[in-house]
Every structure is written in structure tokens, then in C-alpha cells.
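Here is a short tour of a protein structure, written for someone who is meeting it for the first time. Take a moment to look at the sequence and the 3D view, and then read on.

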Amino acid sequence: MFSMTEHGRSVARGITFALGVAALLLSVGTGTACSKPAGNAPQAAVPSDPVTVVRSADVEKMLGGARGKVVVVNLWATWCKPCVEEMPYLARFYREYRPKNVAFFAFSVDAPDDEAVVRRFHKEQDLPFPVYIVDERDPDALGKAIQTELSGAVPVTIFYDRSGAPRHVREGAIDYAELSRQVDALI
Amino acid sequence: MQKEAMRIGMAVGIFALLGLACWYLGFAGVPKASAAVELGAEMPNFALKDVNGKEHTLEQYRGKVVVLDFCSHECPWSRGADPHLAALVKEYADKGVVFLGIDSHHQTTTEAIKKYAEEKGLTHPILKDVNNEYADAVGAKVTPEIFVIDKEGKLRYHGAFDNRTKPEEKGSEFYIKMAIDAVLAGKDPDPQQVKAWGCTIKRVSK
């Protein structure tokens, strides 16, 4: 329908060139202004240990590694009653949605030296997913890593689309119906 | 001509990329927390009843330093801070500092709060914030969440009780006490705002 003029072809070549240069810069990781990992960053290896202590920077890498999948993040703690109450829903959700290419991360804000408490809880609840204790006392620092403004209240569950953009934040207890409804809308 | 076109193309490409980067790094589509009262701004008034049915307003305490503690006897962090709060209430009893607990949880009853306060020997009034209206007005989200208000009714400190990492162990930085001392001395607290992990204020659906 259109016949591209020489001018148009040059514009297109310019765009391609600029994008190419930028992609190269990103891929070699020289874009230091952007702390976020590129979309093709390797996913952090899932440890065989069900409970691991991580930092906010690790959390950011884990989410970056899951790009391309719908991602659900749950912040919780063993001392938090509604968090404990929603665990069976999260377990069911994980079992049913993992085969559907949905990534789920449970980040505990328990004190890192309470690892034994978290470990015991994980075993008692027979949780099917690994738990990461985030060694971070500042909700704003973790909030930056997960691209969500946090009040500090737990539980909170955040839903991300395949591009890694947060699409829904649920503060307070969640049930299976809401988990599946939110994720189904993003799949 | 061709060079110029190439330049235009490059500019368009770079702008497109910058736009994409901003969108990618941004907080697109995420609801922000409801606006809290700005530091230094006047705190909204309230008229709330304590667990004995006595009404308190913020205005009635004008001329005194007021400490508001959004609390919940169901929250381990709030419960854990209560003995340390009770000690502060005693310590500042004759220094013109008023301590008020505010329970905004929709499912807690005044009877249950009263029973808890008696058991724990809490002597400061605990007010029931029906339908979490005052929590909404000041943007309180977490328990415990502290607001230190100066004698003119202005907010001077907002946030964590202290920097504890476990519900029942006192932290090394006693933010609430530091703020009270600073305000009594006519100075700005340092820090003035601290976020911390805690329990959700369970609100009514509106």
C-alpha cells in the first residue's frame, strides 16, 4: 500500500540504529542508571533449601528473572495471623497455577535470626513453595525492589503482568478466589 | 537530506526508548497509599469515645504534646510495644504529654479492648475509631503506628514505635521517645518519619 520513500527508509534506519545501540548497552549491562536487570537476566536458581535469607537486591533479581511469566508476590510473617490464615489458599494457588507458567514468591519479613521459627512453620504447614526471609527492615527499600509502594502492613499480595509491571496490590488477607481471579485476568 | 532523516530517526528512536524505560521503571497502574498528613501540618480533629464511653477530642488537648498510637490488641507488634508504651506513659505523666491509643480495626469490640487494657495494666485511654474514619483521615495503615503532635496541634513525628525486629523485643532506636523529647524541647525530631513492618488496620469496606 505504501511505497517507502528514501527519506522514510532513512528515518527507519535511524530508529533501528538507535534501538540497536540502546539494546546493546542494556545487554552489556552498562546502563548503570537502571538498576533493574534486563528482561533476559537468568533466573536466580531456586534453592533446594525451603527457607533462604535474601536481601532486597536479590528480590529484585528474582522478579527480573521471572519476566515473561505472570508473577505473584506475597509478603507475610509468622507472627501475622491473617498471613498464617491465608497460607492454605496460597499453597493451593501455587499447586494449581505453577503448571500454568505463573511464578509465585513468598517473602517473609520475619527477623532473619528467626530463621528457625520460619523453618519450623514451613514444615508444620507443609508449604509446597520455598520461602525467602527478606533481611530488610525498611518497607520503602523492599518496595523499590518490587516496584510497589508499601505501607509496612502485612499481608500484602502483588500481581505482575508478563512484562513485570505491577497490576494489582491487595493489602490484607486474600483468599483463593481472589488469587485466581486476579491471575486469570493477567494470563 | 538523508543524513537529516537519519538524525530524525535516531531522535525518534531514543525518545521512544526513553518513554519505554520510564514506563518500565515507573509504578504504572499501582494504587498509591492514601495521603497521610504532611509533617508540620495540622492534624485533623476527632471526637472519639474511649472504652469507658468518655469522649475525647484532639482539640481539647491543645497546649499539650499528644501521642497517638494506632493499636490493636490482636496484633503481636502492637501488643509487644504496649509494655514499653505503658512505661512511657508513666515517665511522661507530669510532663504535659497525653497518650491516646486508637483502635480502628472493624472487628474489635470495646469490651475486648477494655479487658486487654486491664489485664496489661494500660492506663492511657484507648479510643474506638468506628468505621476507621480517623485512620482514613490521617492515612494510618499499620499497627502500631505513632503520630506525635506538638502543642499547636501539628504533626511532628509519624511512623514506627522503635526499630525492633521482633514483636516483643525493644529496638535500639526508641523513635517515639526521641520524638517526644525533641518536641518538648522545641526541636525537630530526628528522624521525623519511619516506616516499619506491622499489622494491617482491618478496615470496613467502603
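**Briefing: cavities, rings and buried residues**

The lining of the second largest cavity is made up of 5 nonpolar, 3 polar and 2 charged residues. Keep in mind that you are looking at a predicted model. The points below begin with the cavities, move on to the fold of chain A, and end with its rings.

**The second largest cavity**

- This cavity holds about 50 Å³ of space.
- Its lining is formed by B:C71, B:S72, B:H73, B:S78, B:D82, B:D103, B:I113, B:Y116, B:L122 and B:I126.
- Two elements of chain B, α2 (76–91) and α3 (110–120), each give two or more residues to that lining.

**The largest cavity**

- How many cavities of 30 Å³ or more does a search of the whole structure find? The search finds 5.
- The largest cavity contains about 80 Å³ of space.
- It is lined by 10 residues, and those closest to its centre are A:L63, A:G64, A:R67, A:Q147 and A:G164.
- Helix α2 (residues 56–65) of chain A supplies 3 residues, the largest share of this lining.
- By type, the lining of the largest cavity splits into 4 nonpolar, 3 polar and 3 charged residues.

**The fold of chain A**

- Chain A has 6 helices and 7 strands.
- If you follow the sequence of chain A, the elements come in the pattern α-β-α-β-α-β-α-β-α-β-β-β-α.
- Chain A has 187 residues, and 49% of them count as buried.
- Take the contacts in chain A between residues at least 6 apart in sequence: 69% of these join residues at least 24 apart.

**Buried residues to look for**

- Where is A:N74 found? It is in strand β2 (residues 70–76) of chain A.
- A:N74 counts as buried because its relative accessibility is 0%, and the cut-off for buried is under 20%.
- Leaving aside residues up to four places away in sequence, A:N74 touches A:E86, A:M87, A:L90, A:F104, A:F105, A:A106, A:F107, A:V156 and A:T157.
- In helix α6 (residues 176–186) of chain A, the buried residues are A:Y176, A:E178, A:L179, A:S180, A:Q182, A:V183 and A:L186.
- The cover over the buried residues of α6(A) includes β2, α3 (81–97), β3, β6 (156–160) and β7 (166–171) of chain A.

**Aromatic rings and charges**

- Over all chains, there are 13 aromatic pairs.
- One of them is formed by A:F104 and A:F129, with 4.8 Å centre to centre and 70° between the planes. This pair counts as edge-to-face because its planes are over 60 degrees apart.
- The pair links distant parts of the chain, with its two residues 25 residues apart. A:F104 lies in strand β3 (residues 102–108) of chain A, while A:F129 lies in the loop between α4 (115–125) and β4 (131–134) of chain A.
- The charged end of A:K100 sits over the ring of A:Y97, 4.3 Å from the ring centre.
- Over the ring of A:Y176 sits the charged end of A:R92, 3.6 Å from the ring centre.

Notes:
Residues numbered from 1 in each chain as written. Chains lettered and ligands numbered in written order. Predicted model: local features only at pLDDT ≥ 70, side-chain atom pairs only at ≥ 80, totals over all residues. Heavy atoms only, no water. Phe/Tyr/Trp six-rings, centres within 6.5 Å; stacked < 30°, edge-to-face > 60°. Helix = DSSP H or I, 4+ residues; strand = E, 2+ residues; numbered from the N terminus. Lys NZ or Arg CZ within 6 Å of the ring centre and 35° of its normal. 1 Å grid on protein atoms, 1.4 Å probe; cavity = no way out; pocket = protein on both sides within 12 Å on 5 of 7 lines; lining within 4 Å. Points joined across faces, edges and corners; volume = space filled by probe spheres on them. Nonpolar A, V, L, I, M, F, W, Y, C, P; charged D, E, K, R; others polar. Buried < 20%, exposed > 50% of the residue type's maximum accessible area, 1.4 Å probe, protein only. Contact = heavy atoms within 4.5 Å.
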